[in-house]
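Student: I would like to go through the interface in this entry. Can we take it step by step?

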Protein chains: 2
Amino acid sequence: MSKRIENALSFSHELMQKCLQEGDVAVDATAGNGHDTVFLAKHVGQTGKVYSFDIQQQAVEATRERITRCEMAERVVVIHDGHEHMTSYVRVPVRGILFNLGYLPGGDKEIVTRPEKTLKAVRDGLQLLCPQGLMILVVYYGHPGGQEEKEALLCFLRKLDQKQYTVLMYHFVNQHNTPPFLIAIEKNQS
Amino acid sequence: MSKRIENALSFSHELMQKCLQEGDVAVDATAGNGHDTVFLAKHVGQTGKVYSFDIQQQAVEATRERITRCEMAERVVVIHDGHEHMTSYVRVPVRGILFNLGYLPGGDKEIVTRPEKTLKAVRDGLQLLCPQGLMILVVYYGHPGGQEEKEALLCFLRKLDQKQYTVLMYHFVNQHNTPPFLIAIEKNQS
């Protein structure tokens, strides 16, 4: 087990934490069990706002329950809809957007994100980002269709204009058990 | 220009800084202008030791001059020899090893590292690392032969036993000007 090198999930939090400030707007594109929503809500502070999306009723309820328990419900809008409809709900510039792609770890591996919806959501999300805003994707791809989603995503990202975006990939090259990898996209100051 | 996401060089320092402690032994495998040697020397402290290698006389002199000016000469051994002979000079467990591969930025692009020597040095260096020790390679590959060195290195790294080593790759996927990428290898606790 690696002690010095963070895994993709904890590195995603480290990067996002450095980016967010009190009063910011953030998006959790895949609410899941609500962990990331709480993390974002904590870092945008009392005057900030988090929009949290999930297509599954169960995830929406789990997230609502968790933010209520953490006394952060007022700064979070939980939306029962797919992240590909993000721009119908979010109309303001966003500092940080988090995605967990693939399946929900510990959840049902049959319920997975799909490349075409993922790409629409990523494309729309990039439009919402303010300059120096950060989109982070933690990608689980060890499931049927996971490799295809990974390829579709990388194919899209490689073509992003380097003047407009900096795209980092953070991944482990000698692991047989396909641990998640991280993509971080920063919108450059124009 | 990216503000939130560190480039390979500054991320290499961030990782190494978290790893090194007062009294540690570290290796600068490519002394160059001596910047990394000073960085390592600072972080191993007065009771630590840095072994610094370079095949070029000019680099050895520049490094000696720099460490003297920084009053760190006592904790540094500058060795005028290629890093592929590292194990002839270093006989103790090492906490951190830094490599800059390819050409020296700002220097002569004709003078580059070579895959076969690089691989020997990396292999030997991994043997010297103590558990939880870290080897970091910053790889410049935008020169003739650079792509081949990159491929040879990745081919070797992908085969490293995941029980023994965690191998991270940190790179930018949408840049046309081949910025350096980073490899971090941690020796796992057995």
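This is a predicted model: local features need pLDDT of at least 70, side-chain atom pairs count only at pLDDT 80 or more; totals for chains, interfaces and linings use all residues.

Student: What is the area buried between chain A and chain B?
Tutor: The size of an interface is often expressed as the accessible area lost when the parts come together. Here 36 residues of chain A are in contact with 36 residues of chain B. Carbon and sulfur atoms give 52% of the buried area, which is about 3300 Å².

Student: Which element gives the largest share of the side of chain A that touches chain B?
Tutor: The rule finds 21 residue pairs in polar contact across this interface, both at pLDDT 80 or more. The elements of chain A that give two or more residues to the side touching chain B include helix H1 (8–19), helix H5 (146–158) and strand E6 (165–172). With eight residues, the largest share comes from E6(A).

Student: Which residue of E6(B) stands opposite Leu168(A)?
Tutor: E6(A) pairs with strand E6 (residues 165–172) of chain B in the antiparallel sense, over five bridges. Within E6(B), the residue opposite Leu168(A) is Phe172(B).

Student: How many residues on the side of chain A that touches chain B are nonpolar?
Tutor: The elements contributing two or more residues to this side also include strand E5 (129–139) and strand E7 (181–187) of chain A. The residues of this side comprise nine charged and 10 polar, and the nonpolar ones number 17.

Technical notes. Residues are numbered from 1 along each chain as its sequence is written. Chains are lettered from A and ligands numbered from 1 in the order in which they are written. Side-chain values use heavy atoms; hydrogens and water are left out. Contact means heavy atoms within 4.5 Å. Buried area is the accessible area (1.4 Å probe) that two parts lose on being put together, summed over both. A polar contact is a pair of N or O atoms within 3.5 Å; within protein, one must be able to donate a hydrogen and the other to accept it, and residues adjacent in sequence count only if both atoms are side-chain atoms. Helices (H or I, at least four residues) and strands (E, at least two) are DSSP runs, numbered from the N terminus. Ala, Val, Leu, Ile, Met, Phe, Trp, Tyr, Cys and Pro count as nonpolar, Asp, Glu, Lys and Arg as charged, and the others, Gly among them, as polar. Two strands pair if DSSP finds at least two bridges between them.
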